[in-house]
Structures are given as C-alpha cells and as structure tokens.
Amino acid sequence: MKLKSRGCNVYVVEIGEKTFLIDTGTDGKIVAKQLKELDGVLVTHAHFDHVAGASEIEKTFGCPVYVHPYDAPYLLGEKEFSFSGILGKVAKMAEKLFKFTPPENVKNILDLKEVQVFHTPGHTPGSVCIIIDEDAYCGDLLRGGGKLSRKEFCSDYESYLASVRTFLGLGWKKAFPGHGKKIDRSAKIKIT
C-alpha cells in the first residue's frame, strides 16, 4: 500500500506477521503518522529523497533500517554521491541544505530472509529491487510509465542499463517505482 510522503513514493508491505516500510521519503513524521507498528525499513537505494526520513522512523518504531552494503556508507554519511549535469548540481545543493541524521540501527538487506532482494546496481552502487509475490518495488530503477532514470542521477549508467535488462527478465507482474505510478508488466520499456 502506498503511503502519503514527500520526496518519493513510500510503501508499506505485510510479509507474514511482519510489517515493513519500503523507503522513507524526506519526512519521516508524515509517514510515521500513518503506521501503528513497523518491523523494519527496506531501502531501495540511499539517495536523499528515499532515506532522509529513516532516522525519524527508526526512533519512532525502534526498528532497523536495511540497506545493501554498497549503499550503507552513503546512508551513514561516510560517503557522498556525485551527480552530473545541471539537475545533478541542483540535487547536490538540496542535499546540503537539508542535512539528515543517519539512522543508527543499520543492517544488511541481503541478510533479511523474509524478502527476495535483487541487487540492481547502476543507479547507485547498492540499488536493489524487492520482490514480494509478484509485486516488485524497484526504487529508481524505473519510473512511472516504465521510464528510465536520468543519466545524471546514476552512479554507473552502463551498469544501470544492465540492471534494467535483468529486472525485465524477472517474474513480476506489477512494479512499484520510487517516483510515479505503478508499472504493469505489459508496459513498453525502451532501453537506450
């Protein structure tokens, strides 16, 4: 289920007896008000617009934040992403203006046995897609309508395109992106 959020799409999913949040957006308070309990946050990638609310969510629910180890240094503020082009410079300025507190209880998403996690590098080094039944939560691998992410925001565009190709070969029926509306399997996705 999609929640009201800022920055990116945020989803809450039930897996067995557990409740997980997929990404947090930029304002954890808005998201937290919509939840009663939470067992963890699943991070698709550590760009600011997907993780700035993580510390607030972690404090509110006392739950861990799961991220791929390649993106953990970015989530923890030990490294900074670099972006290219004008839009990249604007994103970088926004990150600097709106500093966020990193979460404290960070765990490796690959160790989480409840979900299928696919490493899809290229948008960031540790980008992942999470598949639950036939639903794929793809972060910024794709955008609403099946559009590709902008090259300026990818750490390695060739790896990104390879990850999109891999993702298209997986057995999902609906994809829920970080930005825009859900994507049906029948969507025409053009890889340049």
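Guide: The count of aromatic pairs here comes to 7. Rings of Phe, Tyr and Trp (its six-membered ring) pair if their centres lie within 6.5 Å. This is a predicted model, where local features need pLDDT of at least 70, side-chain atom pairs count only at pLDDT 80 or more, and totals for chains, interfaces and linings use all residues. Residues are numbered from 1 along each chain as its sequence is written, and side-chain values use heavy atoms, with hydrogens and water left out.

Visitor: Why is the pair of Y137 and F176 called stacked?

Guide: Its planes are 20 degrees apart and its centres 5.2 Å; planes under 30 degrees apart count as stacked, over 60 as edge-to-face and the rest as tilted, so the pair is stacked.

Visitor: Which parts does the pair of Y137 and F176 tie together?

Guide: Y137 is in strand 9 (residues 135-139) and F176 in strand 12 (residues 174-177), so the pair ties together parts 39 residues apart in sequence. Strands are DSSP runs (E, at least two residues), numbered from the N terminus.

Visitor: Why does T44 count as buried?

Guide: Its relative accessibility is 2%. Buried means under 20% relative accessible area, exposed over 50%, partly exposed in between (1.4 Å probe, protein chains only), so T44 is buried.

Visitor: What makes a polar contact of the side chains of T44 and D23?

Guide: They are 2.7 Å apart. A polar contact is a pair of N or O atoms within 3.5 Å; within protein, one must be able to donate a hydrogen and the other to accept it, and residues adjacent in sequence count only if both atoms are side-chain atoms. The side chains of T44 and H45 also make one, at 3.1 Å.

Notes: Helices (H or I, at least four residues) and strands (E, at least two) are DSSP runs, numbered from the N terminus.
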